[in-house]
Amino acid sequence: MEKRSVIFKEGDAGTFMCLVCAGTVGISKSKHIEQDDESLKLALLHKGRTFGEMAVLDGERRSATCTAITDCTLLVLSKESIDKMIVEAPRVAAKLIRSMAVLLSRRLRMTTGKLAEHDL
């Protein structure tokens, strides 16, 4: 993925998730304030980090925009592949889904902690 390429946009269908193999990916969310196109930078992800899991798991639209900050190498896992894995290799699929649930739980705990620090 080339630098500055949009991997997916907030509101897109969630058909895949990614693992960063090399490079940096930025996560941002639109503020939607009075037609303002400004976005809030949420995170920078580096090698070993994953993104896009939420939409793949729950079938909802993307909650944020992901952009290649540098040239990136990404491993892509499609929702279709995960569904196939559930049928053909249920033990492997269960481990993957459990790992994703643990990851999302950690992120939720971090976000809750940040909100508490800011008295929101």
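The accessible areas given here come from the Shrake-Rupley method with a 1.4 Å probe. On that basis, the accessible surface of the protein comes to about 8,500 Å², and 56% of this surface belongs to carbon and sulfur atoms. The structure is a predicted model, and every value below should be read as computed from that model.

## Overall layout

The protein has three helices and seven strands, and, read from the N terminus on, its elements follow the order β-β-β-β-β-α-β-β-α-α. Along its principal axes the C-alpha trace spans about 45 × 35 × 25 Å. The chain has 120 residues, of which 26% count as buried. When contacts between residues at least 6 apart in sequence are considered, 73% of them join residues at least 24 apart.

The charged side chains comprise 19 positive and 16 negative ones, and the centres of these two sets lie 9 Å apart.

## Salt bridges

| Acidic residue | Basic residue | N to O distance |
| Glu10 | Lys29 | 3.1 Å |
| Glu53 | Arg107 | 3.0 Å |
| Asp83 | Lys79 | 3.3 Å |

The side chains of Glu10 and Lys29 meet in a salt bridge of 3.1 Å. This pair links distant parts of the chain, since Glu10 sits in the loop between β1 (6-8) and β2 (16-22) while Lys29 belongs to strand β3 (residues 25-30), 19 residues apart. Glu10 counts as partly exposed at 23% relative accessibility, and Lys29 is likewise partly exposed, with a relative accessible area of 33%.

Glu53 lies in helix α1 (residues 53-58) and Arg107 in helix α3 (residues 90-117), so the pair ties together parts that are 54 residues apart in sequence. Glu53 has a relative accessible area of 1% and is therefore buried, whereas Arg107, with a relative accessible area of 23%, is partly exposed.

The remaining salt bridge is formed by Asp83 and Lys79, with 3.3 Å between the closest N and O atoms. Both residues lie in helix α2 (residues 79-88), where they are four residues apart, or about one turn of the helix. Asp83 counts as partly exposed at 37% relative accessibility, and Lys79 also counts as partly exposed, at 31%.

## Aromatic pairs

A search of the whole structure finds two aromatic pairs. In one of them, the rings of Phe8 and Phe16 have their centres 5.8 Å apart and their planes at 75°, so the pair is edge-to-face, a class that requires planes over 60 degrees apart. In the other, Phe8 and Phe51 form a tilted pair, with 5.9 Å from centre to centre and 40° between the planes. This second pair links distant parts of the chain, as Phe8 is in strand β1 and Phe51 in strand β5 (residues 50-51), 43 residues apart.

Through these ring pairs, Phe8, Phe16 and Phe51 are linked into a cluster. Phe8 is buried, with a relative accessible area of 6%, and Phe51 is buried as well.

## The segment before β1

Met1 is found in the segment before β1, where it counts as partly exposed at 43% relative accessibility. Leaving aside residues up to four places away in sequence, Met1 touches Ile7, Ala68, Thr70, Asp71, Cys72 and Leu74. The C-alpha atoms of Met1 and Gly26, which are 25 residues apart along the chain, are separated by 13 Å.

Arg4 also has its place in the segment before β1, and it is exposed, with a relative accessible area of 65%. Most residues other than glycine have a negative phi. Arg4, although it is not a glycine, has a positive phi of about 75°.

Definitions and conventions:
Residues numbered from 1 in each chain as written. Predicted model: local features only at pLDDT ≥ 70, side-chain atom pairs only at ≥ 80, totals over all residues. Heavy atoms only, no water. Salt bridge = Lys/Arg side-chain N within 4 Å of Asp/Glu carboxyl O. Helix = DSSP H or I, 4+ residues; strand = E, 2+ residues; numbered from the N terminus. Buried < 20%, exposed > 50% of the residue type's maximum accessible area, 1.4 Å probe, protein only. Contact = heavy atoms within 4.5 Å. Lys, Arg positive; Asp, Glu negative; His and termini not counted. Charge placed at Lys NZ, Arg CZ, Asp CG, Glu CD. Phe/Tyr/Trp six-rings, centres within 6.5 Å; stacked < 30°, edge-to-face > 60°.
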